[in-house]
Structures are given as structure tokens and as C-alpha cells.
Amino acid sequence: MPKPFLSKTSALPPAFLLASALLLSGCSLLSKDRNSPSAAGPASFTLEVQAPKDVRELLQEHMELQRYRQLSDLRRSELGRLLGAADANIRSLLGTMGYFSPSIELQLIDTPDDPDTPLKVLVKVEPGTPTTIAQARVDFSGTNADDPKGLNMREGIRRNWALPEGAQFTQSAWSNAKNDGIRRLQNRRYPTASLTESRADIDTDTQQAQLTATYEPGPAYYFGPLVIEGAQRYNPSGLIRLARLPVGDEYRQTTLLDTQQRLANSGYYDSVFLTLATEVAQPGDTEVHAPVIAQVREAKLQKWVYGLGVSTDTGFRFSVDHTHNRVPYLDWRAQSKLQLDKKNPLLSTRITSLPDYSGWNYFVGGKAAREELADYTANSVSLVAGRGKSEDKIDRGYYLQYDMAKAQGEGAPPSSSSLTLNYGWTGRYFNNPTSPTRGYGLGWEVGAGSTITPERKPFGRMAARWLYLMPLDRAEGETGRRSRLAFRANGGAVIANSNTVVPITQLFLSGGDTTVRGYSYQSIGARTDNGKLIGGRYMASGSVEWQRPITIAGNRNDWEHAMFVDAGTVTDSLDTYTVFLGVGTGIRWRSPVGPLQADLAYGLETKKVRLHLRLGFNF
């Protein structure tokens with residue numbers, strides 16, 4: 001009867017090194033007090049502001065008197081003249097906060113006869129009653145002021161106006177409210193919208209403000225054809241299809257940016273900048289179909305990338321990636337890779353066509369690898385040919401795949417090969433593609449075919465994965481990123497008769513950074529009759545993780561702490577299986593290339609602690 005198996009390795013030394021590195025990096029992030037007296041030279045006078053907290057902070061940061069404190073040769077008479085001008089400066093600053101009738105007192109206080117003791121300037125401010133909004137009027141005029149297709153947008157600007165009646169008036173809030181209306185119009189349908197009139201009438205007797213803002217939407221724009229400027233090496237028609245600009249749709253700034261990002265990520269260009277040709281509009285136009293101009297600088301025909309890496313699963317890694325953007329006679333792209341590491345050296349290549357008008361492209365590829373699969377080493381070859389389609393959130397493809405695997409080791413299963421027809425679908429619905437904080441992803445693959453050697457027998461294979469990030473409510477007074485729960489599940493099955501020899505690379509193993517932490521890489525599987533670990537026909541794993549922001553050196557947005565429970569099993573029989581549990585804690589850093597996570601996990605079966613390191617997010 002197949003039995004589960006796990007390996008025994010310890011990670012206390014690397015765990016100690018990780019903890020030391022984190023402590024040192026945390027110390028280096030502690031900021032120094034830039035406002036300490038030692039940071040500047042002797043002051044010509046001291047400045048004290050007595051006012052409510054928000055007013056005091058504003059004056060201490062922006063009052064013009066601050067500029068003259070470090071003038072060591074400032075005379076008393078000159079300081080007196082500065083105090084005379086300070087009243088108007090303070091009133092101007094308070095006006096930006098909605099205080100138009102303040103009481104201000106400025107005092108110059110003599111100090112004892114000591115040449116080293118500076119004079120003291122005391123500023124007392126009673127800001128008075130703040131100005132509130134009595135009426136806020138938002139109007140539209142000119143072209144498309146009554147456009148029925150823009151009615152919801154206009155009503156939304158009025159409804160979400162940032163300075164409603166009763167709100168306190170401040171200059172920054174007034175500017176933000178006006179600019180928010182412009183952004184709403186320009187981000188969708190009306191890219192040339194403008195603010196034609198804005199007025200804030202302040203009654204200092206009643207401390208009330210009357211606000212008026214008038215916008216002109218301008219012509220409504222729709223996407224015309226995409227025109228690529230700067231194309232020399234690569235066929236622009238194929239790349240226009242790759243960009244997937246929705247010609248004829250209503251203009252949206254997010255759509256334009258998404259199209260620009262797709263071209264930039266294609267690898268054919270070093271730089272891409274998209275603009276809507278709004279100059280094609282004529283006086284009196286209410287609707288305009290405008291072309292989109294893509295100004296590009298093309299990438300080199302070939303690119304080499306050399307990489308070094310390390311992971312707790314596979315150790316040190318050296319890789320060479322080569323891209324040829326235009327294979328001779330085909331105009332397809334070839335991407336090849338050589339990877340050298342202890343557990344999984346490989347050589348692979350994949351040739352892909354540009355998408356057709358439906359968005360589908362053709363691809364062919366091959367891979368030769370040497371893999372450590374539990375207690376065996378397998379030399380394998382894989383060949384694939386099919387079609388795929390990549391959209392903003394969904395990737396899909398169907399393909400024919402040939403696999404051949406030859407296992408080495410005591411009691412190794414016989415060499416085998418197979419041919420299968422497969423379909424795969426992956427949906428990613430996260431708020432951020434590299435460092436998500438909410439959303440979900442779902443992916444699955446299904447294949448059916450036949451073994452070829454040592455004998456022909458039908459079999460099927462399916463696998464699925466799921467990830468859900470659920471934000472939790474903020475605690476009272478909490479700011480910055482929210483804590484969240486992360487739920488993860490993986491499963492797979494090979495459907496075949498018990499005597500069918502499926503290639504060893506098609507079986508399942510678990511354990512490691514991305515499956516069940518607390519156990520070494522691919523250490524959870526099934527045993528053969530001679531007691532060796534091998535992949536199983538059924539696999540299931542899951543995880544629940546609590547991620548919460550922490551503050552390091554005042555930074556609450558880039559660091560997180562995590563606590564998790566992982567579970568998983570691999571077996572050859574649904575009647576007999578063992579669930580392996582791992583619990584642990586870790587730290588996350590939101591790096592520019594994605595989250596860096598370091599976890600310490602305890603395997604309940606091995607009763608050992610393991611360190612797990614991982615960089616980047618991938619689903």
C-alpha cells in the first residue's frame with residue numbers, strides 16, 4: 001500500500017542568519033531627527049507659536065520668519081521690521097485654512113544680558129471661527145453641457161463634490177474639489193474638458209463661503225485606429241493586434257494606459273508613449289473619432305539576459321535567457337532558456353507568433369530537463385504545439401503535448417512516454433498584478449490522451465489552483481494598508497488504471513515554499529513497493545494566512561507580518577492518505593519587483609523548523 005513520505009532537514013542556521021539580516025536592515029532604516037538643534041548653526045532668535053495644533057503646525061512650517069532664524073548677523077532693528085511684515089504673512093496663511101478673522105499678537109522678548117542667548121519671538125494666534133460652505137454650485141456650459149450620454153457623469157460630479165454645504169473651507173480643499181471635477185471629465189469621454197469659471201465669495205462677517213465652478217465638457221471622443229510611429233524592424237500590423245485597442249469604444253484614460261502597457265510589455269519596444277489625437281476635432285463637433293498615436297522606440301532584434309538566483313527549494317541558480325524578436329522566414333518570436341542549478345537544470349525554447357485579429361496566436365516549444373523528483377532523478381523531454389490567447393485578466397490555450405521521462409535510481413519505474421491533448425484557463429482578478437492586496441485568481445488545466453511506451457493505455461490528468469485575498473476592516477483610527485486573510489488551494493489527479501505507467505513527470509509532489517511550508521521541496525509524496533518516495537496520482541493542499549501591516553522606521557505601507565497554517569497530502573489511493581500540517585510566521589517586504597517573503601515554518605510531522613524565502617508574486 002502506498003505510504004506518504006517526507007524528508008528530514010533543518011534550517012536553524014539559515015534562520016539565524018535571516019533574523020540577523022532583518023535586524024540590521026531595520027536598524028539602517030531608522031531615520032534621524034532632521035530638526036534637531038545640532039543639525040543647524042546658531043539661531044539669531046527663537047520662535048514660539050501659541051495656537052491650536054493644526055494652525056501651529058502650518059505656521060511653524062511655512063511662516064516667513066522661519067527663513068531668517070539662522071541669520072547670525074540679524075540686527076534687532078531688522079528683526080522689528082520683519083515682525084511688521086509677519087502679520088500679513090500669517091493672515092495669508094490662515095486664509096488658506098478658512099480663517100479670515102484671526103486675532104494675532106507678535107512679541108519680541110528680550111533675554112538676559114548674555115551674547116550667546118538669542119532673542120525670543122512669541123506668536124499668539126486665535127484663529128477665530130472657521131469659514132464654512134453656505135452654497136456650492138456646479139454648472140456645465142458650452143459643448144456637450146446637456147449631453148444625455150454624460151448625464152450620469154455630471155450628476156456624479158455634483159453628488160461627490162468634495163466641499164458640500166456645511167464643510168469647512170480651505171484653499172487646498174477648494175483646489176482639490178475643482179481639480180477632481182476636471183479629472184472625472186477628462187478620464188472618460190471628454191479628454192479636452194476644461195474649467196471655464198471658478199469663484200469663491202467669502203463673507204468675513206458671517207464666516208460663510210459661496211462657491212461656483214463651471215465646466216465645459218467639450219467634444220465626446222471615441223477611439224479611432226492605432227497608428228504606430230517609429231516602426232522599422234517589426235511588423236506594426238501584428239503589434240496593433242497585440243495592443244488590443246478597442247476601436248470605436250468611448251474614450252477612457254484607463255483603456256489608453258492599458259493599451260500602452262501591453263505594447264510596453266510586449267518586448268518589441270524599449271519605450272512606448274500613446275496620445276489621443278484630439279487636434280482632429282473641428283469647431284462645433286460634439287462627437288469625434290480620433291486616432292491614437294503610439295510613438296515607439298524599438299527594442300533590439302536579439303536580447304541576452306544573465307541571471308543569478310537562490311531559493312530554499314532549489315538552491316543557487318544560474319540562467320541565460322535569449323530572445324529573438326523576429327525569427328528569419330517566420331517573423332515569430334523565439335525565447336530560449338538555459339538554467340543550471342542543483343535540482344533542475346534545463347534547456348528550453350518556445351516560438352510564438354503575433355496574435356491574429358481574434359487575439360489568438362500559435363506556439364511551438366520544447367524542453368529538455370533533468371529533475372530531482374523525490375528519491376529519483378528523471379531525464380525528461382517535452383514537446384508542445386498549440387494556440388493561446390492572452391487578455392487583460394484571462395489567459396487560455398489548447399495544445400498537443402508529448403512527454404518522455406526516464407527515471408534513474410534504485411527500483412526506478414520504467415521509462416515511459418505519452419501524448420495528450422490539453423486545455424488550460426487562468427483568470428487573475430487582483431487589484432495589482434505584482435503586489436496584490438485584494439482579489440482572487442483561479443486556474444485549471446485538463447488533458448486526455450494515451451501513454452505510448454512501454455504500452456499504449458488511455459489516461460487523463462487535471463489540476464487546479466485558487467487564491468483569494470480578503471481585506472479585513474480597519475480598526476478605529478487605523479490608516480495605511482489593511483490587514484487581510486489569504487486563502488490558497490491546489491489540487492490535482494491522474495485518472496488511469498493502476499497498471500498504467502504514466503511518465504513520472506506527470507505525477508504530483510508537494511512540500512516547499514509555495515505548497516506546504518515546514519517541509520522540504522517535494523518531500524510529500526507516496527512510496528513505491530521498495531520504500532522509495534515517488535510522485536502520487538492525487539494531490540491536495542491548502543493554506544490560510546493572516547497578513548497585517550507593521551511599522552518599521554515609520555513606514556506602515558511596505559512591511560507586513562504573516563501567520564499561517566498549511567496542509568497538504570499526496571497519495572496513490574483515495575482510501576489511504578496522511579495530511580501534513582505546517583504552521584509558522586514570517587515577514588513581508590513590498591519591494592519594487594514584488595513582495596519578498598521570509599517564513600519560518602514548523603512541520604508537525606517532522607517536528608523541525610524550516611526557513612522559506614521567496615521573491616515576487618506569481619499566479
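1. Arg588 and Glu545 form a salt bridge in which the closest N and O atoms are 3.0 Å apart. Arg588 belongs to strand S26 (residues 580-591) and Glu545 to strand S24 (residues 538-549), so this pair ties together parts that are 43 residues apart in sequence. Arg588 has a relative accessible area of 6% and is therefore buried; Glu545 is likewise buried, with a relative accessible area of 6%. The structure discussed here is a predicted model, and the distances and areas in this note should be read accordingly.

2. Salt bridges that share partners also join Asp147, Lys149, Arg188, Arg189, Glu250 and Glu287 into one network. The structure holds 28 salt bridges. Side chains of opposite charge can pair when their charged atoms come close.

3. Two further pairs lie within helices. In the first, Glu155 and Arg158 form a salt bridge, with 3.3 Å between the closest N and O atoms. Both residues are in helix H4 (residues 151-159), where they stand three residues apart, about one turn of the helix.

4. Because the two residues are four places apart in helix H5 (residues 171-187), about one helical turn separates Arg184 from Asp180. Arg184 counts as partly exposed at 33% relative accessibility, and Asp180 counts as partly exposed at 25%.

5. Lys389 deserves a separate comment. This residue lies in strand S16 (residues 376-390). Which residues does Lys389 touch, not counting those up to four places away in sequence? They are Ser358, Gly359, Trp360, Asn361, Ile394, Asp395 and Arg396. For Ser358, the C-alpha atom is separated by 8.8 Å from that of Lys389, although the two residues are 31 residues apart along the chain. A polar atom of the Lys389 side chain lies 3.1 Å from the backbone oxygen of Ser358.

6. Asn361, one of the residues touched by Lys389, is placed in strand S15 (residues 360-373). Its relative accessibility is 15%, so Asn361 counts as buried, the cut-off being under 20%. A polar atom of the Asn361 side chain lies 3.5 Å from the backbone oxygen of Ser353. Leaving aside neighbours within four places in sequence, Asn361 is in contact with Thr352, Ser353, Leu354 and Pro355, and also with Gly386, Arg387, Gly388 and Lys389.

7. Rolling a probe the size of a water molecule over the atoms shows where empty space is left. The count comes to two cavities of 30 Å³ or more, and the largest cavity holds about 60 Å³ of space. Its lining consists of Tyr234, Asn235, Tyr268, Asn325, Arg326, Asp331 and Leu354. By class, these are three nonpolar, two polar and two charged residues. Leu354 is also among the residues in contact with Asn361.

8. By class, the lining of the second largest pocket comprises 14 nonpolar, eight polar and four charged residues.

How values were computed:
Residues numbered from 1 in each chain as written. Predicted model: local features only at pLDDT ≥ 70, side-chain atom pairs only at ≥ 80, totals over all residues. Heavy atoms only, no water. Contact = heavy atoms within 4.5 Å. Polar contact = N/O pair within 3.5 Å; in protein donor to acceptor, adjacent residues only side chain to side chain. Buried < 20%, exposed > 50% of the residue type's maximum accessible area, 1.4 Å probe, protein only. 1 Å grid on protein atoms, 1.4 Å probe; cavity = no way out; pocket = protein on both sides within 12 Å on 5 of 7 lines; lining within 4 Å. Points joined across faces, edges and corners; volume = space filled by probe spheres on them. Nonpolar A, V, L, I, M, F, W, Y, C, P; charged D, E, K, R; others polar. Salt bridge = Lys/Arg side-chain N within 4 Å of Asp/Glu carboxyl O.
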